[in-house]
Amino acid sequence: ADIDVPEYAQLIRTMSAELSRMLSHFLAVGTFALDVIGEFCATFMYGIRDREVIQNILEDLTGQRLMFNYFRLGGVVWDLPEPREEFFETVRSFLDGLPAKLEEYHDLLTTNEIMQSRTVDTGVLPPEDARAYGVTGPVARASGIDYDVRRDDPYGYYDQLDWDVVTEDGCDNFSRLLVRVGEIEQSARIVEQCVDLLEDWPEDDREIQANVPRTLRPETDAEIYSTVEGAKGELGIYIRSDGTDSPARFKIRGPSFSNLQALPVMAEGEYIPDLIASLGSLDTIMGEVDR
């Protein structure tokens, strides 16, 4: 559509997207511990505790707690909440306390004998199978596939920030846990850099939205596939035009559907309890699979 999103709006988008990624990963890690270790474990409660802090930050930013309706064609719906200094202080306070909390997660999970015995060398997904099934996101990166849309097909502000793609080569349930915990740390790095830039952004250059045509009418048979790196993997949108202002074909490519298809390969030759851990390690959303 040849819409140039203002740089300031791209930075806000990137910050909020990474906060949302952390929100998802905390839930994924917490519920995975619930699946594998059992009972109402401390890790699950810690995950909900830390997730709630981000939930409050995103509520201040977007006005919502579940379905964040904040992005718009050309930018975002409104600027950061006032007073800005208070918002930044809240975000920084959370980020400052995060390293100690991540150490707790490692103490409770990655060094946990029960977690290791149920996840190391179970749910193995070799990289060639991961590629064959179109697996993306943390599940693919835990199989040693060094691919991340944010880096390899950059959008937003990612290509101007310093961060690393987290990969593991164990290909098992334990590796998928390690990738998600590592990605929380990398998301925190990204958010911190975004806050630094937003704090110093000139007040007269805080443009949150580009001019967007009221109606988009592409040429007949024009088509596009655009993708972003969602918390669970590649989220793609395919649109084909028939020359009107309504698409002839519109398809959402959610990561959960493709990731779930790899489960039979991961479960072959293993025990039924391993299946519970393998399914939990995929972090699928069944509503997204149904779509």
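**Exposed, buried and charged positions**

Asp221 counts as exposed, because its relative accessibility is 56% (exposed is over 50% relative accessible area, buried under 20%, partly exposed in between, with a 1.4 Å probe and protein chains only). The model is predicted, with pLDDT of at least 70 needed for local features and 80 or more for side-chain atom pairs, while totals for chains, interfaces and linings use all residues. Residues are numbered from 1 along each chain as its sequence is written, and side-chain values use heavy atoms, without hydrogens and water.

Asp221 sits in the loop between H8 and S3 (DSSP runs: helices H or I of at least four residues, strands E of at least two, numbered from the N terminus). The phi of Asp221 is near 70°, a positive value in a residue other than glycine. Cys171 also has a positive phi, near 65°. Cys171 belongs to the loop between helix H7 (149-152) and H8. Cys171 counts as buried, because its relative accessibility is 10%. Most residues other than glycine have a negative phi, and most peptide bonds are trans.

A cis peptide bond occurs between Glu82 and Pro83, with omega about -5°. Pro83 is in the loop between strand S2 (75-76) and helix H3 (84-110).

Glu82 is also one of the residues in a surface patch of negative charge, together with Glu7, Glu85, Glu203, Asp204, Asp205 and Glu207 (members have over 30% relative accessible area and no salt bridge; like charges are joined within 9 Å, nonpolar side chains within 5 Å; a salt bridge is a Lys or Arg side-chain nitrogen within 4 Å of an Asp or Glu carboxyl oxygen). Within this patch, Glu203 comes from the loop between helix H8 (173-199) and strand S3 (223-230). Glu203 is exposed, because its relative accessible area is 66%.

Definitions and conventions:
Accessible areas come from the Shrake-Rupley method with a 1.4 Å probe; for residues, only the protein chains shown count as cover. Lys and Arg count as positive and Asp and Glu as negative; His and the chain ends are not counted. The place of a charge is taken as NZ of Lys, CZ of Arg, CG of Asp or CD of Glu.
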